[in-house]
Amino acid sequence: MKTSTFLALAAITGGLIQNHDKISAWLGPPPAITRQTGKNEVILYSTTWCGYCAKTRKYFAEHHIKYTDLDIEHSEQGRSGYNQLHGHGIPIVVINGVPIYGYDPGEMGKALANRGGA
């Protein structure tokens with residue numbers, strides 16, 4: 001195998017690994033959360049040590065968004081919901097039943113606007 005071919009395959013593999021959550025969601029969206037969610041409910045699946053989880057909390061605070069924070073390491077409900085969403089990273093934000101993988105202010109803003117508040 002030529003060095004250039006190997007490097008190209010390594011780069012593609014790295015990109016696939018790095019964007020696994022987005023690719024998985026695109027290929028087959030996860031099933032909806034089985035527990036009943038109220039209208040306009042916002043759920044954050046997070047950990048205490050995650051920097052992007054902290055950024056998500058700050059985003060919600062700045063936009064006066066009420067949300068439920070479920071720690072996936074210390075809460076059975078958090079771990080169960082995270083597993084149902086086929087979580088491979090954090091944070092996962094669920095807005096009115098629609099999951100958003102990773103810290104994505106643009107997608108959160110769109111989802112919040114669609115539910116009637118941002």
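Tyr 67 is partly exposed, with a relative accessible area of 30%; partly exposed lies between buried (under 20% relative accessible area) and exposed (over 50%), using a 1.4 Å probe and protein chains only. This is a predicted model, in which local features need pLDDT of at least 70 and side-chain atom pairs count only at pLDDT 80 or more, while totals for chains, interfaces and linings use all residues. Residues are numbered from 1 along each chain as its sequence is written, and side-chain values use heavy atoms, with hydrogens and water left out.

**Aromatic residues**

- The structure holds 3 aromatic pairs; rings of Phe, Tyr and Trp (its six-membered ring) pair if their centres lie within 6.5 Å, and planes under 30 degrees apart count as stacked, over 60 as edge-to-face and the rest as tilted.
- Tyr 59 and Phe 60 make an edge-to-face pair, because their ring centres are 6.0 Å apart and their planes stand at 65°.
- Phe 60 and Tyr 67 make a tilted pair, because their ring centres are 4.8 Å apart and their planes stand at 45°.
- Tyr 59, Phe 60 and Tyr 67 belong to one aromatic cluster.
- Both Tyr 59 and Phe 60 are buried, and Phe 60 has 0% relative accessibility.

**Nonpolar cores**

- The largest nonpolar core has 11 residues, including Val 42, Tyr 59, Phe 60 and Leu 112; such a core is a set of buried Ala, Val, Leu, Ile, Met, Phe, Trp, Tyr and Cys residues joined through side-chain atoms within 4.5 Å.
- Strand E1 (42–46), helix H3 (51–62), E3 and helix H5 (105–115) each give two or more residues to this core; helices (H or I, at least four residues) and strands (E, at least two) are DSSP runs, numbered from the N terminus.
- H5 gives the most to this core, with 3 residues.
- Apart from this core lies another of 9 residues, among them Tyr 45, Ile 72, Tyr 82 and Ile 92.
- Not counting residues up to four places away in sequence, Val 42 touches Phe 60, Tyr 67 and Arg 115, among others; contact means heavy atoms within 4.5 Å.

**Backbone in the loops**

- Pro 91 lies in the loop between helix H4 (76–84) and strand E3 (92–95), and the peptide bond from Ile 90 to Pro 91 is cis, with omega near -5°.
- His 86 is found in the loop between H4 and E3; its phi is near 55°, a positive value in a residue other than glycine.
- His 86 is partly exposed, at 48% relative accessible area.
- Asn 96, in the loop between E3 and strand E4 (98–101), also has a positive phi, near 50°, and is partly exposed at 35%.
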